[in-house]
Amino acid sequence: MAFCIQCGTQLPDNAAFCRACGAKQFQPQQTTPQPNSAMPNQAASVVKGSKSFLKWLIPLIAVVAAVALVFVFFPNLFKSDETLIRERIQALEDAYNDGDYEAILECMDSQTQAMMEATMGLMDGLMGEMSGMDIGMTDLFGFAGAMGDYCTITIQTISIDGDYATVDVTMSLNMYGYQQSESASLPMVKEDGDWFIGGMENFAGSDPMGLLTGI
(Lines give C-alpha, C1' and ligand atoms only; values in the text may rest on other atoms or scores of the structure.)
Protein backbone atom coordinates (compact mmCIF):
# COMPACT_ATOMS: atom_id res chain seq x y z
CA MET A 1 0.00 0.00 0.00
CA ALA A 2 1.36 3.42 -1.04
CA PHE A 3 0.22 7.05 -0.57
CA CYS A 4 0.85 10.20 -2.60
CA ILE A 5 3.74 12.19 -1.27
CA GLN A 6 1.92 15.42 -2.19
CA CYS A 7 -1.77 14.97 -1.25
CA GLY A 8 -1.85 11.69 0.62
CA THR A 9 -4.17 9.89 -1.81
CA GLN A 10 -3.93 6.12 -1.62
CA LEU A 11 -2.10 4.81 -4.67
CA PRO A 12 -1.25 1.42 -6.06
CA ASP A 13 2.19 0.11 -5.26
CA ASN A 14 4.89 1.36 -7.61
CA ALA A 15 2.64 4.18 -9.00
CA ALA A 16 4.72 6.77 -10.87
CA PHE A 17 2.22 9.66 -10.54
CA CYS A 18 -0.65 10.53 -8.19
CA ARG A 19 -4.05 10.02 -9.91
CA ALA A 20 -5.52 12.84 -7.82
CA CYS A 21 -2.97 15.64 -8.01
CA GLY A 22 -0.64 14.32 -10.64
CA ALA A 23 2.43 14.69 -8.44
CA LYS A 24 5.38 12.50 -9.39
CA GLN A 25 6.01 9.86 -6.80
CA PHE A 26 9.38 8.98 -5.41
CA GLN A 27 10.55 5.50 -6.45
CA PRO A 28 13.33 4.00 -4.34
CA GLN A 29 16.05 2.57 -6.51
CA GLN A 30 16.60 -1.15 -6.32
CA THR A 31 20.22 -1.97 -5.63
CA THR A 32 21.61 -5.19 -6.91
CA PRO A 33 24.37 -6.60 -4.68
CA GLN A 34 27.64 -6.77 -6.56
CA PRO A 35 29.72 -9.92 -6.22
CA ASN A 36 32.88 -9.51 -4.20
CA SER A 37 35.61 -9.92 -6.80
CA ALA A 38 38.31 -9.75 -4.12
CA MET A 39 37.49 -13.19 -2.73
CA PRO A 40 38.23 -15.16 -5.93
CA ASN A 41 41.40 -13.13 -6.42
CA GLN A 42 42.51 -13.89 -2.88
CA ALA A 43 41.75 -17.58 -3.32
CA ALA A 44 43.69 -17.62 -6.57
CA SER A 45 46.65 -15.97 -4.85
CA VAL A 46 46.59 -18.58 -2.07
CA VAL A 47 46.52 -21.43 -4.58
CA LYS A 48 49.31 -19.85 -6.61
CA GLY A 49 51.41 -19.31 -3.49
CA SER A 50 50.87 -22.90 -2.37
CA LYS A 51 52.00 -24.23 -5.73
CA SER A 52 55.09 -22.01 -5.66
CA PHE A 53 55.89 -23.21 -2.12
CA LEU A 54 55.57 -26.86 -3.13
CA LYS A 55 57.76 -26.30 -6.20
CA TRP A 56 60.83 -25.65 -4.04
CA LEU A 57 59.77 -27.66 -0.96
CA ILE A 58 59.53 -31.01 -2.76
CA PRO A 59 63.04 -30.79 -4.33
CA LEU A 60 64.44 -29.68 -0.97
CA ILE A 61 62.95 -32.72 0.77
CA ALA A 62 64.36 -34.94 -1.99
CA VAL A 63 67.86 -33.48 -1.53
CA VAL A 64 67.76 -33.88 2.26
CA ALA A 65 66.55 -37.48 1.90
CA ALA A 66 69.30 -38.26 -0.62
CA VAL A 67 72.00 -36.85 1.67
CA ALA A 68 70.61 -38.82 4.62
CA LEU A 69 70.69 -42.05 2.58
CA VAL A 70 74.31 -41.38 1.60
CA PHE A 71 75.31 -41.02 5.27
CA VAL A 72 73.38 -44.19 6.20
CA PHE A 73 74.68 -46.46 3.43
CA PHE A 74 78.09 -44.84 2.84
CA PRO A 75 79.19 -43.56 6.28
CA ASN A 76 82.88 -43.46 5.27
CA LEU A 77 82.35 -41.41 2.11
CA PHE A 78 83.14 -38.07 3.74
CA LYS A 79 85.88 -39.28 6.11
CA SER A 80 89.56 -38.77 5.40
CA ASP A 81 91.91 -41.74 5.01
CA GLU A 82 93.71 -40.83 8.23
CA THR A 83 90.42 -40.74 10.14
CA LEU A 84 89.44 -44.18 8.81
CA ILE A 85 92.86 -45.60 9.70
CA ARG A 86 92.66 -44.24 13.24
CA GLU A 87 89.15 -45.69 13.62
CA ARG A 88 90.40 -49.11 12.47
CA ILE A 89 93.30 -49.10 14.94
CA GLN A 90 90.89 -48.08 17.70
CA ALA A 91 88.57 -50.94 16.70
CA LEU A 92 91.54 -53.32 16.95
CA GLU A 93 92.36 -52.08 20.46
CA ASP A 94 88.71 -52.42 21.52
CA ALA A 95 88.57 -55.95 20.12
CA TYR A 96 91.62 -56.99 22.16
CA ASN A 97 90.23 -55.46 25.34
CA ASP A 98 86.85 -57.13 24.76
CA GLY A 99 88.51 -60.50 24.11
CA ASP A 100 86.62 -60.62 20.79
CA TYR A 101 88.65 -62.74 18.38
CA GLU A 102 86.12 -62.37 15.54
CA ALA A 103 86.24 -58.58 15.86
CA ILE A 104 90.04 -58.74 15.63
CA LEU A 105 89.74 -60.65 12.37
CA GLU A 106 87.29 -58.05 11.05
CA CYS A 107 90.05 -55.44 11.36
CA MET A 108 92.10 -57.28 8.72
CA ASP A 109 91.84 -57.81 5.00
CA SER A 110 90.81 -61.23 3.71
CA GLN A 111 94.39 -62.42 3.05
CA THR A 112 95.60 -61.44 6.51
CA GLN A 113 92.52 -63.04 8.08
CA ALA A 114 93.39 -66.34 6.39
CA MET A 115 97.01 -66.09 7.54
CA MET A 116 96.04 -65.32 11.12
CA GLU A 117 93.45 -68.10 11.25
CA ALA A 118 96.04 -70.58 9.98
CA THR A 119 98.59 -69.37 12.53
CA MET A 120 96.09 -69.49 15.36
CA GLY A 121 94.99 -72.96 14.28
CA LEU A 122 98.56 -74.26 14.55
CA MET A 123 99.02 -72.61 17.94
CA ASP A 124 95.71 -74.05 19.15
CA GLY A 125 96.89 -77.52 18.19
CA LEU A 126 100.23 -77.11 19.96
CA MET A 127 98.62 -75.77 23.11
CA GLY A 128 96.16 -78.63 23.12
CA GLU A 129 98.94 -81.21 22.84
CA MET A 130 101.08 -79.56 25.50
CA SER A 131 98.29 -79.03 28.02
CA GLY A 132 96.22 -82.09 27.28
CA MET A 133 93.14 -79.86 27.36
CA ASP A 134 90.82 -78.59 24.68
CA ILE A 135 92.01 -75.01 24.95
CA GLY A 136 93.74 -72.78 22.46
CA MET A 137 94.92 -69.28 21.70
CA THR A 138 91.45 -68.12 20.69
CA ASP A 139 90.22 -69.03 24.17
CA LEU A 140 93.00 -66.96 25.72
CA PHE A 141 91.65 -63.86 23.99
CA GLY A 142 88.38 -64.35 25.84
CA PHE A 143 90.16 -64.83 29.15
CA ALA A 144 92.22 -61.69 28.58
CA GLY A 145 89.08 -59.71 27.73
CA ALA A 146 87.70 -60.51 31.17
CA MET A 147 90.50 -58.41 32.68
CA GLY A 148 89.24 -55.20 31.13
CA ASP A 149 91.40 -52.71 29.27
CA TYR A 150 94.74 -54.46 29.31
CA CYS A 151 95.91 -53.43 25.83
CA THR A 152 96.72 -49.96 24.57
CA ILE A 153 97.67 -49.20 20.96
CA THR A 154 99.22 -45.77 20.47
CA ILE A 155 99.66 -44.46 16.94
CA GLN A 156 103.00 -42.75 16.37
CA THR A 157 102.96 -41.95 12.65
CA ILE A 158 100.77 -42.66 9.62
CA SER A 159 102.27 -42.81 6.12
CA ILE A 160 99.78 -43.15 3.25
CA ASP A 161 100.72 -44.05 -0.31
CA GLY A 162 97.64 -44.50 -2.48
CA ASP A 163 95.70 -47.51 -1.27
CA TYR A 164 98.48 -48.62 1.08
CA ALA A 165 99.66 -47.22 4.37
CA THR A 166 102.16 -47.89 7.12
CA VAL A 167 101.14 -47.14 10.69
CA ASP A 168 103.86 -47.04 13.33
CA VAL A 169 102.35 -48.00 16.67
CA THR A 170 103.33 -48.84 20.19
CA MET A 171 101.34 -51.69 21.73
CA SER A 172 101.39 -51.89 25.52
CA LEU A 173 100.20 -54.72 27.76
CA ASN A 174 99.31 -54.52 31.42
CA MET A 175 98.28 -57.93 32.73
CA TYR A 176 98.40 -58.86 36.43
CA GLY A 177 101.10 -56.28 37.05
CA TYR A 178 103.14 -57.49 34.08
CA GLN A 179 103.84 -54.64 31.67
CA GLN A 180 105.32 -54.83 28.22
CA SER A 181 105.53 -52.39 25.33
CA GLU A 182 106.55 -53.15 21.78
CA SER A 183 106.81 -50.97 18.69
CA ALA A 184 105.72 -52.21 15.30
CA SER A 185 104.82 -51.03 11.82
CA LEU A 186 101.39 -52.21 10.79
CA PRO A 187 100.78 -52.36 7.04
CA MET A 188 97.28 -51.35 5.98
CA VAL A 189 95.39 -51.59 2.72
CA LYS A 190 92.30 -49.78 1.46
CA GLU A 191 89.47 -52.01 0.26
CA ASP A 192 85.95 -50.92 -0.72
CA GLY A 193 86.51 -47.45 0.71
CA ASP A 194 87.74 -48.60 4.13
CA TRP A 195 91.13 -49.44 5.65
CA PHE A 196 92.22 -52.81 7.01
CA ILE A 197 95.39 -54.26 8.45
CA GLY A 198 96.92 -56.20 5.60
CA GLY A 199 98.52 -55.83 2.19
CA MET A 200 101.72 -57.24 3.71
CA GLU A 201 102.96 -58.41 0.31
CA ASN A 202 103.58 -54.73 -0.45
CA PHE A 203 105.79 -54.18 2.61
CA ALA A 204 109.04 -56.07 2.47
CA GLY A 205 110.29 -57.04 5.89
CA SER A 206 107.04 -56.13 7.64
CA ASP A 207 105.80 -58.82 10.01
CA PRO A 208 102.89 -57.67 12.18
CA MET A 209 101.64 -61.22 12.63
CA GLY A 210 104.04 -61.86 15.50
CA LEU A 211 102.79 -58.77 17.27
CA LEU A 212 99.13 -59.53 16.66
CA THR A 213 99.29 -63.15 17.75
CA GLY A 214 101.75 -62.44 20.56
CA ILE A 215 99.21 -60.28 22.33
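Is glutamate 82 buried, partly exposed or exposed? In this predicted model, glutamate 82 is partly exposed, with a relative accessible area of 38%, a value that falls in the class between the limits of 20% and 50%. Its salt-bridge partner is arginine 86, and the closest N and O atoms of the pair are 3.2 Å apart. Arginine 86 is likewise partly exposed, at a relative accessible area of 40%. Both residues belong to helix α2, where four residues, or about one turn of the helix, separate them.

The salt bridges of the model number four. Another of them joins glutamate 87 to lysine 79, with a distance of 3.1 Å between the closest N and O atoms. Glutamate 87 is partly exposed, at 36% relative accessible area, and lysine 79, with 34% relative accessibility, is assigned to the partly exposed class as well. A further salt bridge is formed where the side chains of aspartate 194 and arginine 88 meet, at 2.9 Å from N to O. Because aspartate 194 is located in strand β6 and arginine 88 in helix α2, this pair ties together parts of the chain that are 106 residues apart in sequence. Aspartate 194 and arginine 88 are both buried, that is, under 20% relative accessible area.

The strand that carries aspartate 194 is part of an open, four-stranded sheet with the order β3-β4-β5-β6 and antiparallel pairing. Strands β3 (151–161) and β6 (194–197) form the edges, each of them pairing on one side only, and from one strand to the next the twist averages 25°. Strands β4 and β5 run antiparallel and are joined by 12 bridges, whereas the antiparallel pairing of β5 (residues 178–191) with β6 extends over four bridges. Methionine 188 is the bridge partner, in β5, of alanine 165, and methionine 188 also stands opposite isoleucine 197 of β6. In the hairpin of β5 and β6, in which two residues lie between the strands, aspartate 192 adopts a positive phi near 55°. Helix α2 (residues 81–98) lies across β3, β4 (164–175), β5 and β6, and runs at about 155° to β3.

Alanine 2 is partly exposed, with a relative accessible area of 24%. When neighbours within four places in sequence are left aside, the contacts of alanine 2 are with Thr9, Gln10, Leu11, Pro12 and Asp13. For one of these residues, proline 12, which is 10 residues from alanine 2 along the chain, the separation of the two C-alpha atoms is 6.0 Å.

Terms used. Residues are numbered from 1 along each chain as its sequence is written. This is a predicted model: local features need pLDDT of at least 70, side-chain atom pairs count only at pLDDT 80 or more; totals for chains, interfaces and linings use all residues. Side-chain values use heavy atoms; hydrogens and water are left out. Buried means under 20% relative accessible area, exposed over 50%, partly exposed in between (1.4 Å probe, protein chains only). Contact means heavy atoms within 4.5 Å. Two strands pair if DSSP finds at least two bridges between them. Axes are lines fitted to C-alpha atoms, for helices over the stretch in contact, and angles run from 0 to 180 degrees between N-to-C directions.
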